[in-house]
Amino acid sequence: MNDSPPSWLTRTRILLGDDGLSRLQKARVCLAGLGAVGGYVLEGLVRSGVEMVRLVDFDTVKDSNRNRQLLALSSTVGQAKTDLAAARARDINPDVVVDVRREFAHADTLPDLLRDIDLVVDAIDSLNPKVETITAAARLGIPVYSALGAATRTDASRIRFGPLFAAGGCPLGRLVRKRLRRRGIVAGDLWCVFSDEPRNRAAVLPPDVEPPGSEDEYKRGRERTVLGSLATITGLFGLRLAHEIILRLSSEGDAGGG
């Protein structure tokens with residue numbers, strides 16, 4: 001890490017101040033999930049000066065990701081999301097320290113994934129790994145910023161941010177909270193971005209219906225519903241999470257470098 005901020009961060013330093021930017025640069029963030037939301041979280045954090053990120057994702061880019069994921073291009077289909085994200089982060093800031101972990105977040109891997117981390121970003125779209133990640137971080141006393149359901153929503157004005165246990169109107173949020181309570185997690189430094197817009201049930205393709213132009217990606221593993229989604233809404237989710245994290249890390253005296 002440089003002793004003085006690089007010139008490209010001048011506008012950030014003007015807004016956050018020297019101390020705020022320094023705290024942001026020293027923060028150690030684990031980002032789990034590099035899909036439609038996670039890609040934009042990484043973009044916001046790295047462009048704002050965060051210089052240590054641990055990237056956790058086992059997936060590769062699929063052609064269907066191109067309608068909403070920042071890392072998904074016609075030229076990147078088939079490539080590991082962690083590798084693409086690391087390369088993009090380093091292209092934005094050559095000084096960034098990127099710890100690439102191409103693996104699943106689950107009970108066995110999480111103790112190591114969360115080691116020496118100041119804040120966890122949960123941008124995972126599968127329920128079990130999502131709950132496991134929040135649980136592990138909460139038990140370690142690490143703040144968690146989660147993304148709840150963005151798919152099927154179209155009303156950007158109904159995107160909200162707040163405590164995870166107070167997020168109303170999101171079915172995914174209810175499921176997450178129910179499972180956390182079963183694990184004894186009933187409170188904590190847990191935050192989320194969510195939408196209180198009712199889910200558009202017409203934008204859900206049942207698992208027994210073949211998507212138009214479907215590929216093998218829809219047929220691997222357990223059957224999953226295919227949800228309609230927009231790059232604008234998922235991107236707003238990711239940037240809102242990044243925004244709240246930036247404000248927190250730059251303003252807390254004990255955030256980062258602990």
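Guide: One definition to begin: rings of Phe, Tyr and Trp (its six-membered ring) pair if their centres lie within 6.5 Å. Keep in mind that this is a predicted model.

Visitor: How many aromatic pairs does the structure hold?

Guide: A pair of aromatic rings is described by the distance of the centres and the angle of the planes. By the 6.5 Å limit on centres, the structure holds three aromatic pairs.

Visitor: Is Phe161 buried or partly exposed?

Guide: Buried means under 20% relative accessible area. Tyr145 is buried, at 4%. Phe161 has 22% relative accessibility, so it counts as partly exposed.

Visitor: Which residues form one aromatic cluster?

Guide: The cluster takes in Tyr145, Phe161 and Trp191.

Visitor: Which ring does the charged end of Arg102 sit over?

Guide: A charge sits over a ring if CZ of Arg is within 6 Å of the ring centre and within 35 degrees of the ring normal. The charged end of Arg102 is 5.3 Å from the centre of the ring in question. That ring belongs to Phe58.

Visitor: How many residues of strand S2 are buried?

Guide: Strand S2 covers residues 52-56 and is mostly covered. Met52, Arg54 and Val56 point one way, Val53 and Leu55 the other, and all are buried. The count for S2 is five of its five residues.

Visitor: Which residue stands opposite Arg54?

Guide: Strand S1 (residues 28-32) and S2 run parallel, joined by five bridges. Opposite Arg54 in S2 stands Cys30.

Visitor: What span does helix H6 reach from its first C-alpha to its last?

Guide: Helix H6 runs over residues 171-182 and has twelve residues. At 1.5 Å a residue, 16 Å is expected. The helix is close to that, reaching 17 Å.

Visitor: Within what arc do the buried residues of H6 fall?

Guide: The buried residues of H6 are Gly173, Val176, Arg177 and Leu180. Seen down the axis of H6, they line one face of the helix. What covers them includes helix H5 (127-140).

Visitor: Is Asp116 buried or exposed?

Guide: Asp116 lies in the loop between helix H4 (110-113) and strand S4 (119-122). Its phi is near 60°, a positive value in a residue other than glycine. Most residues other than glycine have a negative phi. At a relative accessible area of 55%, Asp116 is exposed.

Visitor: What relative accessibility does Thr152 have?

Guide: Thr152 is found in the loop between S5 and S6. Its phi, near 75°, is also positive in a residue other than glycine. Thr152 counts as buried, with a relative accessibility of 4%.

Technical notes
Residues numbered from 1 in each chain as written. Predicted model: local features only at pLDDT ≥ 70, side-chain atom pairs only at ≥ 80, totals over all residues. Heavy atoms only, no water. Helix = DSSP H or I, 4+ residues; strand = E, 2+ residues; numbered from the N terminus. Expected span 1.5 Å × (residues − 1). Buried < 20%, exposed > 50% of the residue type's maximum accessible area, 1.4 Å probe, protein only. Arc of directions from axis to C-beta. Contact = heavy atoms within 4.5 Å. Phe/Tyr/Trp six-rings, centres within 6.5 Å; stacked < 30°, edge-to-face > 60°. Pairing = 2+ DSSP bridges.
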